[in-house]
Every structure is written in C-alpha cells, then in structure tokens.
Amino acid sequence: MANTELKAVRKSFGQFEAIKGVDLEIKKGEFMVFVGPSGCGKSTLLRMIAGLEEITSGDLIFDDERVNNLVPSKRGIAMVFQSYALYPHMTVYENMAFGMQLAKASKQDQDKRVREAATLLQIDHLLDRLPKQMSGGQRQRVAIGRAIVRDPRVFLFDEPLSNLDAALRVATRLEIAKLHHDMNDATMVYVTHDQVEAMTLADRICVLRDGKVEQVGTPSELYEQPNSIFVAGFIGSPKMNFLTGEFAAKFDCKTIGIRAEHLDIVAEADNAWHGRIIHTEDLGADHFLFVDIGLEEPIVIRQSGKNSAVLGRKINIRPNVENIHRFGRDDKKLA
Amino acid sequence: MGRSILQNMVFYFVVALIVIISVFPFYYALITSFETGTAIFKPNVLPEVFSLSNYETVFTQRSFLRSVVNSVFIASVTVLCALLLAVTASFALARVQFRGRGLLLITILGVSMFPQIAVLSGLFELVNALGIYNKPWALVLSYTIFTLPFTVWVLTTFMRDLPIEIEEAAIVDGATPWVIITRIFLPLLWPALVTTGLLAFIGAWNEFLFALTFTISETERTVPVAIALLSGASVNEIPWGPIMAASVIVTVPLILLVLIFQRKIVAGLTAGGVKG
Amino acid sequence: MRGNNNHAIKHNSAELNLQQQRVIAAYKLLVPMLIMLVFVAAWPLFRSISFSFTDATSNTIFNGQSNWVGFDNYLERRVRSNGEVSWRGVLVDSDWWNAVWNTIRFSVVSVSLEAFFGLLIALVLNMQFRGRGFVRAAILIPWAIPTVVSARMWGWMLNDQFGIINHIMMSIGLISEPIAWTASSDTAMLAVLIVDVWKTTPFMALLILAGLQMIPRDMYEAAKIDGVHPIRVFFRITLPLLKPAIMIAIIFRGLDALRIFDLIYLLTPQSDATVTMSVLSYREIQQFGDYGEGSAMSTLLFLIITAFVLLYIKLGKLDLAEGKS
C-alpha cells in the first residue's frame with residue numbers, strides 16, 4: 001500500500017509553470033530525496049506536499065485520502081526548514097511542545113513526547129535554552145525534535161543542512177540517516193541540491209529538472225544506469241566524462257559518457273585515446289588526472305594510490321567498454 | 001583621513017553650530033523658567049538667577065495638572081487603541097496575499113496625510129452627535145484619524161521583515177493567523193511596537209487643532225492648548241516665566257524618551273518614510 | 001484519519017485550503033480597523049464635503065435646517081436688479097487666494113530650506129567623528145518639542161522688547177532698533193519659516209541620512225582609488241543615488257507644510273501676511289460659524305493635498321505591488 005502518491009501534480013504561478021505534471025509514489029517508511037539544480041521545482045514540490053503551496057491541478061494522496069485541500073497541520077506532516085525556523089522567544093521545550101499544545105494534548109502527553117524526542121536526539125540538557133543560546137547544529141537538532149514530537153506520517157526536510165558548515169553537515173547527515181533507521185516506519189522526503197547528500201541518505205532519489213521528474217531510482221540505479229545526460233552528469237563526483245564527435249561515432253551515438261573510475265592508463269596505443277595530462281588533484285587515497293584529449297573539456301581519470309603523474313606527459317587511455325553509457329540526439333540513454 | 005587642520009576646524013565649527021542651534025532654544029527656555037521679576041526681562045545667555053517660583057505658579061494652578069493628566073490619558077488610550085487595531089490589520093496587510101491589498105495600503109497612507117482641517121466640520125458634527133463634545137473621548141476618537149493609519153503603515157513595514165519560515169513552521173504546527181499574531185509575532189515585534197507606539201504617542205501628545213476645537217472648559221484642555229492659552233491678568237501681560245516653566249515640564253519627559261529610544265525612533269521614522 | 005479506508009479515495013473538497021483560509025482570516029483581521037477608519041475619517045470627510053454644498057452655520061448645523069446650495073460656496077453668479085453681474089464664493093475671495101499664496105510660499109521656501117540644511121546635517125552625521133552620537137541626539141531635540149512649545153519658546157526669543165535675538169543682533173550691530181519679528185507683517189512669515197525650519201530639519205536630516213547609509217561604501221572607495229575629487233564624487237555619486245530618499249522626504253514634508261496650522265496660529269497674529277489655508281478655513285468655521293464656506297475651503301485644501309499624495313505615489317514608485325510580501 002502506497003503511503004504518499006502524487007498524480008499529475010501541477011503548479012503554476014500566474015503564467016509561469018513551476019511543476020509540470022509530476023507522478024510519483026513514495027512508499028511507507030521510505031527515505032525519498034528530491035534533488036536537482038536550483039529552480040528545478042524541488043522545494044515547490046515539497047511545499048505542495050506540506051500544504052504550504054496550493055496544488056494547481058492533480059491529486060495528492062496520503063493513505064488513499066486526497067489531501068489537496070487539507071491545511072498543513074491536518075495532513076500529518078512535519079517540516080524541518082533550512083533556517084531551522086525555531087520560535088526565537090520560546091525555549092527548546094516550548095518550541096517542541098508548541099504543536100501539541102495547539103492540538104490541545106494533555107500536559108503529560110506533551111511532556112512525555114518532548115522528553116522522548118529530546119532523548120533520541122540527545123538534547124535533553126538543552127530543553128531550557130533559547131534558540132539564540134545554541135549553535136547551528138544544536139538548533140537544527142531542535143528543529144528535527146520539533147518534527148518528531150508531531151509524530152507525523154511524513155517528515156519533510158527542506159535543505160536542512162545548507163546553513164551548517166562542512167564538518168557539521170557531515171555529522172548531521174549521519175544523524176538524520178541514523179534517525180531514519182531508528183524510526184523504521186517514518187516516511188521522509190528530503191530536498192537538497194547536493195548530490196552527495198542525496199546519494200548517502202536516500203532509499204530512492206527523484207531527480208527533478210524544469211518542473212518535471214527526470215528519473216527516479218535507488219542511488220546505485222541512478223549512478224549505474226542514468227536515463228539521460230542530465231542525470232548522468234548530476235549524480236556522481238567527479239562528474240561523468242562526456243565525449244562527442246568521432247569518439248561517440250565509434251559507438252554509434254551522439255554522446256558517450258564514462259565515469260572517471262572506468263578509464264585505465266595503458267602502454268599500448270591501439271584502441272586507446274591519446275592525450276596530455278594538464279592538471280592533477282591528489283585526494284590522498286586516490287587521485288584524479290585531467291587529460292586533454294582534444295575536446296573542449298579535459299576528461300577526468302581516477303587512479304588509486306599516490307599521485308606519480310607528471311604534468312605535460314602524453315598518455316594513452318583505454319575506456320572500459322562495458323561501462324560506457326550511450327546517449328542519443330535527445331540526450332536520452334540509448335538501449 | 002587626511003583632513004587638514006583648517007578643514008578640521010571648519011568641520012567642527014559646523015558641528016558646533018548645528019548643536020548650538022538645535023539645543024539653544026530649549027536651553028534658553030530652561031534658564032528663563034528659573035528667572036523671576038525683572039531678571040526675566042534682561043536677556044542673558046548664562047543663568048544668573050535660580051528660582052523655582054514659576055514652577056510653583058504652574059503647579060498651583062490646578063487646571064495645569066488636570067491638563068497633564070488629560071494629555072497622558074488621551075494620548076495613552078489613543079495609542080493603545082491604535083496599536084490593538086493596527087497589529088491585526090498589519091498582519092493581514094504584510095503577510096497575506098489578497099486582492100486589493102495595494103489599493104488598501106495606498107488609501108491608508110493617504111489617510112495618514114489628511115489635512116486635519118478637512119475633516120474638522122464633519123468630526124465636529126460626529127462628536128456632538130455622540131455627546132462627547134468637551135470630553136476626553138472626543139480627542140481619543142479624533143486622534144485615531146492620524147494615529148491609526150500611521151501605526152498600521154509602520155507596523156506593516158516591520159511585520160514584512162519577519163522571516164517567512166517561522167510563520168510556516170507555526171502553520172505546520174497548526175497555528176491559526178490569530179495564534180501566529182498573538183503567540184509568535186507579538187513577542188518578536190515588541191520593540192517595533194514600542195517604537196511605533198512612542199511615535200504615535202508624541203503625535204497625539206502634541207496635537208493642537210482638534211484639542212483646541214473639541215474642548216471648551218479649562219479642566220478638559222490638553223497640555224498644548226493649556227500652554228497656548230496660558231495668559232496673565234491682562235491681555236498685554238504675557239506670563240513668560242510660567243509659560244517657559246510649563247513648556248519645560250511637558251518637554252523634558254519627551255526629550256528623555258526620545259534620547260532613550262533614539263535608535264529605535266530613527267528606525268521607526270525611516271520605516272515609515274524611506275522604505276514606504 | 002489514518003488509512004481507515006482501503007478502497008475509495010476520500011475527497012475533502014468542502015474544506016478550504018490554506019490560502020483561502022488565510023484570505024478569509026485577513027479580511028476578518030482588517031475589518032475592525034476599516035470600520036474605525038470609516039467612522040473617524042471617511043464619514044467626517046464625507047460630511048465636511050457635504051457641508052461645503054450647504055449654507056450650514058453654527059446655528060443650523062445640528063438642527064438640520066441648512067439648505068443645499070450647490071456650488072454657491074465655491075462660486076456663485078449673482079445678477080443684481082440693475083442687470084449687473086457679480087461673483088461671490090471662495091474661488092473669487094481675495095482672502096482665500098492670499099491664503100493659498102501664503103501656504104504655497106511657505107511650503108516651497110520651508111521645504112527647500114529644510115532639504116538643504118537636512119542634506120548638510122545628514123552629510124555631517126554620515127562622517128566618522130568623535131561625538132557623532134551626541135550630535136545626532138542633539139538634533140532630535142527640536143523634533144521632540146511640541147509645536148506649541150516651540151512656538152512659545154521662539155515667540156519669547158523673538159520678542160521685540162525682551163527677546164534675546166534682538167538683543168544679540170543689536171549688540172553686534174546687525175540692527176539698530178528692535179524688530180517686532182512676529183507681529184510685523186514684514187517679518188512674521190520669516191519668523192514662521194525660522195521656527196519651522198528649526199523644528200523639522202532634523203526629520204529631513206534623518207530620512208536623508210538613512211538614504212546615505214544605504215549607499216555602498218565600496219563605491220566611495222573605488223572613487224577614491226581612481227582619484228576622483230570629493231566634490232565630483234558628491235555630485236556624480238552621492239546626489240544621484242540619494243535622489244529618491246530626498247524626493248520622498250521632500251514630498252512628505254511638503255504635504256505636512258501645506259496643512260500648517262498651529263505654528264501660524266500661535267506665533268503670529270494671523271494677519272494677511274501669514275494666514276494659510278488651514279488657518280483661514282478654521283477661522284471661517286470656528287470664529288464666524290460659517291460651516292458652508294469654511295468646509296468649501298477645507299475641501300479645496302483636501303483636493304490639493306490628494307493631488308500631492310498621488311504625485312508622491314507615482315514619484316516614490318511605492319513598493320505596494322500586490323506581488324511582494
């Protein structure tokens with residue numbers, strides 16, 4: 001049984017159509033990540049699920065119930081905002097209890113749920129603090145705690161990590177993943193523009209582009225079988241190499257794509273591409289070589305171990321043929 | 001930064017001039033208020049006599065104290081009423097998209113710039129019809145004409161600046177607009193409320209035309225009217241000493257308030273003016 | 001609510017969505033204020049305008065015995081028995097046109113002076129120097145003093161016999177005999193202008209200062225690196241960027257100046273030299289009890305000010321567009 005379903009959902013702001021017909025099923029307990037470049041409509045879609053943005057046409061269904069016109073508080077959702085959006089004048093406890101208090105829950109229930117959520121997030125010692133007395137990471141935990149207290153059927157996260165610094169972002173990402181693991185029926189929908197966040201957190205990723213779904217799938221499906229150049233280029237770091245012209249012609253298509261780890265440096269020149277190393281990046285455990293093979297952009301090769309390449313040296317590169325992705329004129333994957 | 005000594009001297013001379021011109025009239029009123037008898041008629045820049053008899057004169061006139069009480073009452077009630085109505089209205093104007101919002105804002109701005117004289121005769125009729133002529137309520141009612149649009153306008157600009165995500169978080173928590181106003185925004189807006197209220201209070205405290213028109217008996221007057229109509233035994237004998245004492249009495253609290261809330265007042269004035 | 005029905009999808013179309021609920025709430029929240037404004041502003045304004053089309057006087061205003069006279073208070077054509085045509089009404093009243101002239105003259109001169117001094121003070125306050133906070137506090141004092149009090153204070157300072165201004169000017173030889181600043185028709189308007197400029201320049205200065213502080217610092221730094229002369233910087237960078245702030249301040253003050261009443265009423269004997277539209281209309285209503293003509297005057301003033309408000313909205317290009325929240 002599906003938990004959350006979007007059927008032909010559209011959204012227009014006057015003349016501008018932000019969401020151009022999205023069909024999507026989010027299963028109960030699933031961690032779904034919406035990812036895409038800015039302006040692709042991912043946040044709008046999340047806000048439509050939340051009820052903060054009206055749905056122009058189509059159906060939004062929660063557990064067989066059409067909720068298009070339900071106000072956010074009656075949808076059984078909870079939202080974690082980018083800027084945390086804590087009530088600045090309330091303590092952590094009050095922030096977390098506010099929703100239950102408005103729903104006229106008993107004091108004992110409020111207290112029990114707030115304390116449980118606080119224990120889960122290890123913020124019990126912060127309950128009497130005001131938001132301004134806490135760090136960014138602590139605030140974001142309180143915001144997540146406020147969502148947990150609501151006991152929602154769907155958790156919605158709107159780029160919750162983008163206000164944190166790099167180190168804290170990784171730590172909080174782990175915690176969100178752990179939280180999803182601990183609360184095994186909790187459905188989570190998470191918006192980000194960062195494909196690393198998407199890859200590490202998601203059960204399934206929904207890649208959006210210009211208000212349409214480009215591809216939905218598990219992280220490895222998207223990585224290994226991208227449907228289009230857009231998805232292939234968006235998912236994975238470093239970016240997939242794309243080659244056109246005669247390189248592609250050999251494989252009977254307009255563009256071929258190959259990931260950095262599927263390129264080998266070889267001694268013999270036959271069936272290989274030839275180029276000159278123009279730049280290297282050393283990441284410790286492995287390193288990247290940027291090779292000019294006569295295309296507009298250099299191609300990137302991942303090599304394990306210490307970097308021993310010499311700039312300017314000519315090398316031969318052989319692609320792993322079974323890992324080549326072929327794309328046609330419409331930039332879609334060829335069979 | 002490389003200013004020559006001459007440039008510096010000119011600069012500080014200008015600064016000194018600005019300060020002296022700003023402060024001198026009040027200073028002069030202050031020293032005059034301490035002078036009595038013939039000393040008062042001798043122009044002097046430095047204080048020469050110190051006597052409190054002018055203040056005694058002012059305070060022994062019972063009607064002056066009455067006027068102060070009237071003014072405080074009228075200005076406070078006016079401001080409280082205006083803030084009460086303005087908070088809810090400015091939430092609607094600042095945070096909800098609805099048809100006719102722009103027109104409504106322009107109308108409100110227009111009303112705040114009404115010439116008071118344009119409503120005088122109609123208001124006079126209304127005040128009489130309600131039976132509140134020569135009562136404080138007549139002034140509370142009439143001052144609402146300028147305090148209400150002003151507070152709505154300024155609070156709307158402040159309300160716009162509150163972050164949208166906090167409101168959305170409250171919506172998700174199930175807060176109605178009324179709950180958002182009373183439990184989320186009011187606690188965040190109180191500095192803006194103080195500023196707006198203070199500016200409206202000064203406006204109501206200083207108002208003269210309506211106060212002159214809608215009161216007749218000495219006991220119902222407000223401070224500005226009382227000072228304007230303070231006169232001596234004969235027409236030509238203007239009691240300058242007591243007038244200056246009364247002026248100092250009503251001005252000192254205002255100046256203190258303005259100096260204490262200096263930054264906030266500047267923010268409020270510019271919110272009403274520039275950002276408009 | 002949760003998953004209690006496995007088959008048909010439930011529809012809640014009867015419920016209003018968030019935006020619809022918010023709009024309804026917004027109207028409800030606006031109603032008290034709107035009722036109040038209609039009650040204290042729109043209705044009295046409507047009545048005042050109505051009076052201007054009647055012959056109402058202080059005797060007839062409350063008993064409903066005044067008569068509709070059309071535009072006669074504004075302009076009335078009278079034919080005498082001998083066939084001579086004469087005109088009466090506010091629009092041919094020389095007192096009215098004198099008041100219009102006084103008001104406009106006062107507004108133009110006072111607002112120009114205030115803009116000039118306001119800009120000067122704002123430029124000074126925008127510099128870094130010791131005691132800047134003190135100066136800013138000092139210039140707020142004239143603004144905080146009630147108009148009635150400033151009229152009285154300046155009335156005393158400008159007093160012909162005992163005033164300090166005459167005393168100082170005589171002692172440094174600027175004048176040879178005392179001037180009756182407020183009473184004499186030659187100087188009364190000047191006295192009003194002095195007091196008004198003194199009192200309201202701070203407001204102007206603060207508005208312009210706010211505009212100045214919005215100009216990005218790096219623009220000045222770039223000009224400095226390029227070696228542009230400070231005076232050129234002022235005319236080429238500061239002034240053009242400041243224009244919107246100054247315009248809005250000028251229009252705000254202009255609207256205020258057009259309705260001036262208290263200062264004229266209190267500082268001067270309200271002779272022909274200083275009487276303004278508000279003062280004349282007030283006198284007509286309060287002293288002569290002629291509600292008809294007095295209201296005609298106030299209606300004309302209202303129309304003039306409305307025209308200015310519309311100008312302000314157009315020039316200020318106010319951020320009132322429905323789109324922005």
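The largest nonpolar core of the predicted model has 256 residues, a nonpolar core being a set of buried Ala, Val, Leu, Ile, Met, Phe, Trp, Tyr and Cys residues joined through C-beta atoms within 7 Å. A residue is buried if 20 or more other C-beta atoms, placed from the backbone, lie within 10 Å of its own, exposed if 12 or fewer, and partly exposed in between. The residues with the most contacts inside this core are Val33(A), Leu156(A), Val189(A), Ala86(B) and Ile208(C). Helix H6 of chain B (residues 136–160) supplies the largest share of the core, 15 residues; helices (H or I, at least four residues) and strands (E, at least two) are DSSP runs, numbered from the N terminus. Beyond its neighbours within four places in sequence, Leu156(A) contacts Leu46(A), Ile49(A), Ala50(A), Ile77(A), Ala78(A), Met79(A) and Val189(A), where contact requires C-beta atoms, placed from the backbone, within 7 Å.

This is a predicted model, in which local features need pLDDT of at least 70 and side-chain atom pairs count only at pLDDT 80 or more, while totals for chains, interfaces and linings use all residues. Residues are numbered from 1 along each chain as its sequence is written, and chains are lettered from A and ligands numbered from 1 in the order in which they are written.

The contact between chains B and C takes 80 residues from chain B and 81 residues from chain C. On the chain B side, the largest share, 12 residues, comes from helix H1 (residues 5–33). That side has 55 nonpolar, 21 polar and 4 charged residues, with Ala, Val, Leu, Ile, Met, Phe, Trp, Tyr, Cys and Pro counted as nonpolar, Asp, Glu, Lys and Arg as charged, and the others, Gly among them, as polar. Leu85(B), in helix H3 (residues 62–95) of chain B, is buried, with 24 other C-beta atoms within 10 Å. Apart from residues up to four places away in sequence, Leu85(B) touches Leu148(B), Pro32(C), Met33(C) and Met36(C).

Within chain C, helix H2 (residues 94–125) packs against helix H8 (residues 230–258) at an angle of about 145 degrees, with the axes 9 Å apart. Axes are lines fitted to C-alpha atoms, for helices over the stretch in contact, and angles run from 0 to 180 degrees between N-to-C directions. The residues of this contact divide into 9 nonpolar, 5 polar and 2 charged.

In chain A, strands S9 (residues 204–209) and S10 (residues 212–217) pair in the antiparallel sense over 5 bridges; pairing requires that DSSP finds at least two bridges between two strands. The two strands form a hairpin with 2 residues between them, and Asp210(A) in the turn has a positive phi of about 50 degrees. Arg209(A) stands opposite Lys212(A) of S10(A).

Chain A also contains an open antiparallel sheet of 5 strands in the order S13-S17-S14-S15-S16. Strands S13 (263–266) and S16 (299–304) are at the edges, each with a single partner strand, so one side of each has no neighbour in the sheet. The twist averages 50 degrees from one strand to the next. Strands S14 (residues 273–282) and S15 (residues 286–292) of chain A pair over 6 bridges, and His279(A) stands opposite Phe290(A) in S15(A).

Terms used: Two residues are in contact if their C-beta atoms, placed from the backbone, lie within 7 Å.
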